[in-house]
Amino acid sequence: AASDVYKRQLRRSVDLLQRAVERDPSFTAAHAALAEACITLAVYGIDAPAPFMQRARVAAERSLALRAGYTDALVARASVNALHDWAIKDAEADFELAVNAPQATATAFQSYAMNFLVPQRRFEEARAHLARARELDPLSPVVTTSIGVSFHAEGDQIAAIREFRAVLARDPQFGMAHYFLGRAFDAQREYTLALQSLSSAATILGD
């Protein structure tokens with residue numbers, strides 16, 4: 001099943017990155033990537049979140065010990081603080097450092113918006129950061145889906161549906177766009193369309 005492949009791929013990414021840092025403990029980017037992969041496993045419920053969030057924190061801290069201010073590691077540590085530890089001030093401080101760095105990435109802006117600002121209902125700030133993420137990576141399905149999720153959370157389902165459909169026009173197998181499209185249709189009481197989208201999400205993503 002597609003969902004089983006997706007889960008295996010994510011677990012495989014963690015295993016490969018773990019091997020990379022074991023072979024080269026000074027590989028800064030690999031530590032940060034390992035942190036991000038562990039966060040993904042935790043956030044999407046593919047494995048129990050607490051152990052993977054702890055692994056993510058350790059990997060992010062090791063990356064930052066090797067290169068202070070490394071953007072990807074700051075984003076990972078901030079995400080753990082925001083999503084798991086609820087250390088709100090620490091999370092915002094790291095996100096601010098990440099998005100204000102000269103080498104700030106689309107992921108930094110997207111993560112700040114979705115892992116911190118939207119849950120805080122700071123929608124105007126979130127939209128500004130997501131707009132910057134889209135400027136940096138206009139074809140990213142993650143960024144466009146995140147824009148849709150921000151509209152959905154704010155209650156603008158028409159705008160949300162527009163963004164999710166734009167993702168699926170380019171990538172019909174992007175399961176999270178199907179999932180949130182279903183959520184948006186449900187909020188609109190378009191139940192037949194909601195069931196269609198959620199069924200597609202379940203086929204691609206599984207549990």
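Biologist: In which helix does T71 lie?

Modeller: The model is a predicted one. T71 lies in helix α4.

Biologist: Is T71 buried or exposed?

Modeller: The general idea is to compare the relative accessible area with a cut-off, and buried means under 20%. T71 counts as buried because its relative accessibility is 2%.

Biologist: Which residues does T71 touch, not counting those up to four places away in sequence?

Modeller: A contact means heavy atoms within 4.5 Å. With residues up to four places away left out, T71 touches A98, A101, Q103, A104 and A108.

Biologist: How many helices and how many strands are there in the protein?

Modeller: The protein has 11 helices and 0 strands. Read from the N terminus, its elements therefore run α-α-α-α-α-α-α-α-α-α-α.

Biologist: How compact is the protein for its length of 207 residues?

Modeller: One compares the radius of gyration with the value that the globule rule gives. Here the radius is 17 Å, close to the 17 Å of the rule for 207 residues, so the protein is as compact as a globular protein of that length. Along its principal axes, the C-alpha trace spans about 50 × 40 × 30 Å.

Biologist: What share of the residues is buried, and what share of the accessible surface belongs to carbon and sulfur atoms?

Modeller: Of the 207 residues, 47% count as buried. The accessible surface comes to about 10700 Å², and carbon and sulfur atoms hold 53% of that area. As for sequence separation, residues 24 or more positions apart account for 50% of the contacts with a separation of 6 or more.

Biologist: Which residues have the most contacts inside the largest nonpolar core?

Modeller: A core is read as a set of buried nonpolar residues joined through their side chains. The largest one has 46 residues, and those with the most contacts inside it are F95, Y112, M114, F116, F164 and L181. Two or more residues of this core come from each of α4 (71-85), α5 (88-99), α6, α7, α8 (141-154), α9 (157-170), α10 and α11. The element that gives the most is α6, with 8 residues.

Biologist: With which residues is F95 in contact, leaving aside neighbours within four places in sequence?

Modeller: F95 is in contact with V75, A78, S79, A82, S111, Y112, N115 and F116. There is also a second, separate core of 20 residues, which includes A30, A37, I39 and A56.

Biologist: Which residues make the nonpolar surface patch of about 250 Å²?

Modeller: That patch is made by V43, Y44 and L83. V43 is placed in helix α2 (residues 28-43), and V43 counts as partly exposed because its relative accessibility is 46%.

Biologist: Where do R121 and R189 lie, and are they buried or exposed?

Modeller: R121 is in the loop between α6 (106-117) and α7 (123-136); with a relative accessible area of 56%, R121 is exposed. R189 is found in the loop between α10 (175-187) and α11 (191-205), and R189 is exposed because its relative accessible area is 66%.

Definitions and conventions. Residues are numbered from 1 along each chain as its sequence is written. This is a predicted model: local features need pLDDT of at least 70, side-chain atom pairs count only at pLDDT 80 or more; totals for chains, interfaces and linings use all residues. Side-chain values use heavy atoms; hydrogens and water are left out. Patches are made of residues with over 30% relative accessible area and no salt bridge: like charges are joined within 9 Å, nonpolar side chains (Val, Leu, Ile, Met, Phe, Trp, Tyr) within 5 Å. Accessible areas come from the Shrake-Rupley method with a 1.4 Å probe; for residues, only the protein chains shown count as cover. A salt bridge is a side-chain nitrogen of Lys or Arg within 4 Å of a carboxyl oxygen of Asp or Glu. Helices (H or I, at least four residues) and strands (E, at least two) are DSSP runs, numbered from the N terminus. Buried means under 20% relative accessible area, exposed over 50%, partly exposed in between (1.4 Å probe, protein chains only). The radius of gyration is taken over C-alpha atoms; the globule rule is 2.2 Å times the number of residues to the power 0.38. A nonpolar core is a set of buried Ala, Val, Leu, Ile, Met, Phe, Trp, Tyr and Cys residues joined through side-chain atoms within 4.5 Å.
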